[in-house]
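Visitor: I am new to this structure. Could you show me how to read it?
Guide: Gladly. Take a look, then ask away.

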Amino acid sequence: EHASPGGMKRILGALAFSALPMLAGPASAHHALQSEFDINAPSHRWTGILKIVQWINPHSRFVIDVTDDVGKVTTWTFETAAPNGLRRIGFSSKGFFEVGKTYTVIGYPARDGSAIAFVEQITLPDGRHVRIWFGDPNGSN
């Protein structure tokens with residue numbers, strides 16, 4: 001089979017993206033990230049009320065209720081770096097994230113259409129924007 005020009009562009013983009021972490025050090029699990037999330041497509045933006053933060057390996061999660069333009073609420077799960085990676089950029093599991101407050105996430109939705117996305121950036125209730133994009137979803141670089 002021959003790849004279409006658009007398909008070839010996506011393949012080259014995926015190869016370029018997966019090579020970036022190698023420059024920064026050892027990396028793993030990029031195939032899983034790219035197979036589950038469309039990280040080569042334009043990012044999306046969601047704003048909603050934080051329900052819970054799950055500090056778990058291999059990916060921490062923010063669970064946020066997002067209300068769409070017609071008032072329908074969808075509970076989204078936003079995967080991000082492992083707890084160790086979040087700590088390195090200044091986040092804390094205690095007293096940092098506030099349930100019930102408004103957060104905005106920029107990231108990449110799941111390829112299967114489910115209400116799951118991978119975080120690139122989060123905006124905190126105080127307006128600070130924090131980029132959480134390690135290249136390696138395990139936060140090892």
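Visitor: Let me start with one residue. Is Glu120 buried or exposed?
Guide: Keep in mind that this is a predicted model. A residue counts as buried when its relative accessible area is under 20%. Glu120 has a relative accessible area of 15%, so Glu120 is buried.

Visitor: Which residue forms a salt bridge with Glu120?
Guide: First, the general idea. Side chains of opposite charge can pair when their charged atoms come close. Here the partner of Glu120 is Arg131. Their closest N and O atoms are 2.6 Å apart. Arg131 lies in strand 6, residues 129-131, and Glu120 lies in strand 5, residues 116-123. The pair therefore ties together parts that are eleven residues apart in sequence. Arg131 itself is partly exposed, at 47% relative accessible area.

Visitor: How many salt bridges does the structure hold?
Guide: Six. One of them joins Asp65 and Lys51.

Visitor: How far apart are the closest N and O atoms of Asp65 and Lys51?
Guide: They are 4.0 Å apart. Now place the two residues. Lys51 is in strand 1, residues 44-54, and Asp65 is in strand 2, residues 61-67. So this pair links parts 14 residues apart in sequence. Asp65 is partly exposed, with a relative accessible area of 21%. Lys51 is also partly exposed. Its relative accessibility is 42%.

Visitor: What about Arg128: which side chain does it meet in a salt bridge?
Guide: That of Asp126, at 2.9 Å from N to O. Arg128 is partly exposed, with 45% relative accessible area. Asp126 has 52%, so Asp126 counts as exposed.

Visitor: Let me step back to the fold. How many helices and strands does the chain have?
Guide: Three helices and six strands. To see their order, read along the sequence. The pattern is α-α-β-β-β-α-β-β-β.

Visitor: What share of the chain's residues counts as buried?
Guide: The chain has 141 residues, and 40% of them count as buried. Glu120 is one of the buried residues.

Visitor: One last feature, contacts along the sequence. What share joins residues at least 24 apart?
Guide: Start with contacts between residues at least 6 apart in sequence. Of these, 56% join residues at least 24 apart.

Conventions. Residues are numbered from 1 along each chain as its sequence is written. This is a predicted model: local features need pLDDT of at least 70, side-chain atom pairs count only at pLDDT 80 or more; totals for chains, interfaces and linings use all residues. Side-chain values use heavy atoms; hydrogens and water are left out. Helices (H or I, at least four residues) and strands (E, at least two) are DSSP runs, numbered from the N terminus. Buried means under 20% relative accessible area, exposed over 50%, partly exposed in between (1.4 Å probe, protein chains only). Contact means heavy atoms within 4.5 Å.
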